[in-house]
Amino acid sequence: MPHPETWWKDAVVYQIYPVSFLDSNGDGFGDLNGIASKLDYLQDLGVNVVWLSPIYKSPLADMGYDISDYRDIDPRYGTLDDWDKLLAGLHGRHMKLMMDLVVNHTSDEHAWFDESKSSKANPKRDWYIWRPPKYDADGNRRPPNNWKAQFQGSAWEYDETTDEYYLHLYHTKQPDLNWENPEVRQAVWELMRFWLDRGCDGFRMDVINLISKVEGLPDAPVTIPEDEYQDATEFYANGPRVHEFLQEMQNKVLSHYDIITVGETPFTHSASELARYVLPANKELNMVFHFELVDLDSPRTAQRIPFIHRPWKLSEFREIVGRWQEFKRDEGFWNAVFIENHDQGRSVTRWGNDADAWRVLSAKMLAMLEVTLGGTQYVFQGQELGLRNFPRSWGIEEYKDVASRNFYHEILEQRKRESGVNGDEDSDIDMSDIMDGLQMKARDHGRIPMQWNATGHAGFTTGTPWMRVNDVDYPHWNAALQLDDTSSVRSFWKNALRLRKEHKVLIYGDFQDLDPQNEEVFTYTRTYQGVRAVVALNFTSKDIVFNLPSGEIIAGITPLFGNYPVGNGDVQGNELKLRPYEGTVYLSTRILTDTAT
């Protein structure tokens with residue numbers, strides 16, 4: 001059964017991390033006016049929807065995902081008037097604006113939390129999740145349970161005003177809202193309407209699968225005995241009422257607007273669980289971001305260790321891609337196609353080859369993977385330039401993300417205890433393996449300032465940037481150099497996105513992996529309405545000869561595009577010759593009627 005074609009399925013969504021995009025006033029922080037000045041750049045690339053990471057008022061304990069006022073813009077980014085002007089600029093170019101909805105938690109500086117913590121009798125006390133302390137045999141005060149926060153340490157913070165703890169699954173300054181309280185849900189519906197009525201075209205919903213916690217908040221199983229706090233995701237990811245809450249959101253808010261919705265669903269690889277958020281019959285969200293693919297290079301351990309790198313195989317990579325491409329198509333499941341965002345290292349570093357000899361080719365090859373997969377296309381700022389991770393030589397002081405820094409210091413303190421090192425004597429502690437992992441996978445790599453040109457600070461700011469720019473890279477790798485270079489990564493992305501929109505088979509087609517166990521070449525077909533695309537991607541730095549299945553697969557195929565400047569992969573009979581990191585896409589219209597979809 002073919003998917004009904006819809007604007008948000010055809011769309012190219014470009015994610016902007018505002019603090020790092022472009023600074024218009026020299027204060028070192030990217031801002032709304034900086035974004036507005038680059039709308040022609042985005043339109044030229046082929047962008048249909050701009051997604052802004054949070055720009056609301058915030059202390060920036062977690063870079064804006066700790067919101068202190070949902071209805072106003074943080075002064076670092078501008079004003080509501082600036083937002084209105086940005087929206088008008090987008091709509092005037094027939095583009096849309098998607099906002100980040102962060103409602104699992106607020107900032108501890110939000111007025112709601114100020115009231116909640118003031119007194120157990122306050123009407124907003126139950127807007128957050130409070131619990132009394134436990135006491136051990138020696139009378140020492142302890143948190144209500146053993147849950148570990150995602151940014152390390154206990155998921156509970158003690159507040160002496162009322163002698164109770166509040167739950168924070170992330171930073172201590174991000175108390176979790178109590179979605180069991182209907183007043184909280186009503187407040188969320190109202191703030192959503194505030195932005196939608198102002199002209200917002202949709203929401204990306206931060207950790208939306210965490211809004212329902214298991215009743216009673218029991219202790220998590222002890223999976224790592226030496227750790228004081230334990231992974232408790234089974235008690236708050238995809239909780240018992242999450243779908244009830246989202247269906248209420250759909251009924252009360254989303255169904256009244258023609259918008260795009262995508263939910264972030266961490267800690268969840270179960271296909272059946274993720275399907276419940278997306279299948280049209282359930283009336284919840286258009287699609288979700290799940291992280292099975294970008295978690296592939298993490299260790300297979302009892303607890304998630306996101307900043308340690310595990311070598312991966314192409315067969316593992318393609319199994320995940322293929323499974324999700326085919327998943328519940330007949331029931332309307334829809335994918336969000338992404339390989340980079342503000343929480344990931346750069347794709348050319350992790351999944352390609354960012355060495356100077358191969359960076360351009362492998363970045364283009366990964367672009368071909370992205371644009372030839374079914375689902376809504378997401379591009380993260382700088383991905384279109386082939387930006388890579390910052391150098392291994394940078395020390396921990398250059399990492400600004402709270403998750404990176406907390407992980408590093410927790411391991412450092414653990415190793416100091418094991419080595420009998422006291423105080424600040426860190427120099428003898430070997431942290432090279434941790435720095436290796438952070439250099440590959442830290443969230444910081446997606447957050448460094450954009451590389452616009454070869455002037456000071458990469459053209460990002462005339463002031464002092466909030467975070468160090470990749471000063472080794474930007475003088476010879478930036479947007480200005482790539483804009484008029486027809487062989488650049490950006491020019492390739494522009495052409496590839498145009499071809500994706502022209503050939504609906506690349507958006508809506510059925511998927512078939514042609515050689516699932518191959519560890520060097522990823523080959524697959526997409527088939528839709530009598531048209532077949534054949535895609536071959538060499539994930540290695542060597543020449544490869546690949547034998548395509550004979551017969552209908554190669555009948556009448558003609559090259560559509562590739563990432564080498566001269567020619568595409570050479571097909572002789574059914575033998576396909578691919579150069580290092582070469583990608584090729586062919587089209588065939590000689591498809592039997594009974595196989596077309």
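Which residues does Asp-108 touch, not counting residues up to four places away in sequence? Asp-108 touches Phe-113, Asp-114, Lys-173 and Pro-175, where contact means heavy atoms within 4.5 Å. This is a predicted model, in which local features need pLDDT of at least 70 and side-chain atom pairs count only at pLDDT 80 or more, while totals for chains, interfaces and linings use all residues. Residues are numbered from 1 along each chain as its sequence is written, and side-chain values use heavy atoms, with hydrogens and water left out.

- Asp-108 lies in the loop between strand 5 (96–101) and helix 5 (111–118); helices (H or I, at least four residues) and strands (E, at least two) are DSSP runs, numbered from the N terminus.
- With a relative accessible area of 17%, Asp-108 is buried, because buried means under 20% relative accessible area, whereas exposed means over 50% and partly exposed lies in between (1.4 Å probe, protein chains only).
- The side chain of Asp-108 makes a polar contact with the side chain of Lys-173, at 2.7 Å; a polar contact is a pair of N or O atoms within 3.5 Å, and within protein one must be able to donate a hydrogen and the other to accept it, while residues adjacent in sequence count only if both atoms are side-chain atoms.
- Asp-108 and Tyr-70 are 38 residues apart along the chain, and their C-alpha atoms are separated by 13 Å.

- Three strands form an open sheet in the order 6-10-9, with antiparallel pairing; two strands pair if DSSP finds at least two bridges between them.
- Strand 6 (130–131) and strand 9 (156–159) stand at the edges with a single partner strand each, so one side of each is left without a neighbour in the sheet.
- Strand 10 (residues 164–167) pairs with strand 6 in the antiparallel sense over two bridges, and Tyr-166 in strand 10 is the bridge partner of Trp-130.

**Gln-377**

- Gln-377 lies in strand 15 (residues 376–380) and counts as buried, at 0% relative accessibility.
- A polar atom of the side chain of Gln-377 lies 3.5 Å from the backbone nitrogen of Val-371.
- Not counting residues up to four places away in sequence, Gln-377 touches a set of residues that includes Ala-11, Val-337, Glu-370, Trp-493 and Arg-500.

**The largest pocket**

- About 1000 Å³ of space lies in the largest pocket; on a 1 Å grid over the protein atoms alone, a pocket is an open set of points with protein on both sides within 12 Å along at least five of seven lines, a cavity is a set of points where a 1.4 Å probe fits but cannot get out, and lining residues have an atom within 4 Å of a point.
- For such a volume, grid points are joined across faces, edges and corners, and the volume is the space filled by probe spheres set on the points.
- The largest pocket is lined by 48 residues, and Gln-150, Gln-152, Arg-304, Pro-306 and Phe-307 lie nearest its centre.
- Helix 12 (402–419) and helix 13 (432–441) each supply at least two residues of this lining, and the largest share, six residues, comes from helix 12.
- The lining of the largest pocket divides into 20 nonpolar, ten polar and 18 charged residues, where Ala, Val, Leu, Ile, Met, Phe, Trp, Tyr, Cys and Pro count as nonpolar, Asp, Glu, Lys and Arg as charged, and the others, Gly among them, as polar.

**Helix 13**

- Helix 13 is mostly covered, with seven of its ten residues buried, among them Ile-434, Met-435 and Leu-438.
- Helix 10 and helix 12 are included in what covers the buried residues of helix 13.

**Cavities**

- The structure holds three cavities of 30 Å³ or more, and about 210 Å³ of space lies in the largest cavity.
- Residues lining the largest cavity include His-290, Trp-324, Val-337 and Glu-370, and the largest share of the lining, four residues, comes from helix 9.
- By class, the lining of the largest cavity has eight nonpolar, three polar and one charged residue.
- The second largest cavity has a volume of about 70 Å³, and of the 13 residues that line it, Glu-340, Ser-347, Ala-363, Leu-366 and Gln-383 are the closest to its centre.
- Helix 11 (359–371) and helix 10 (347–350) each supply at least two residues of the lining of the second largest cavity, and helix 11 gives the largest share, four residues.
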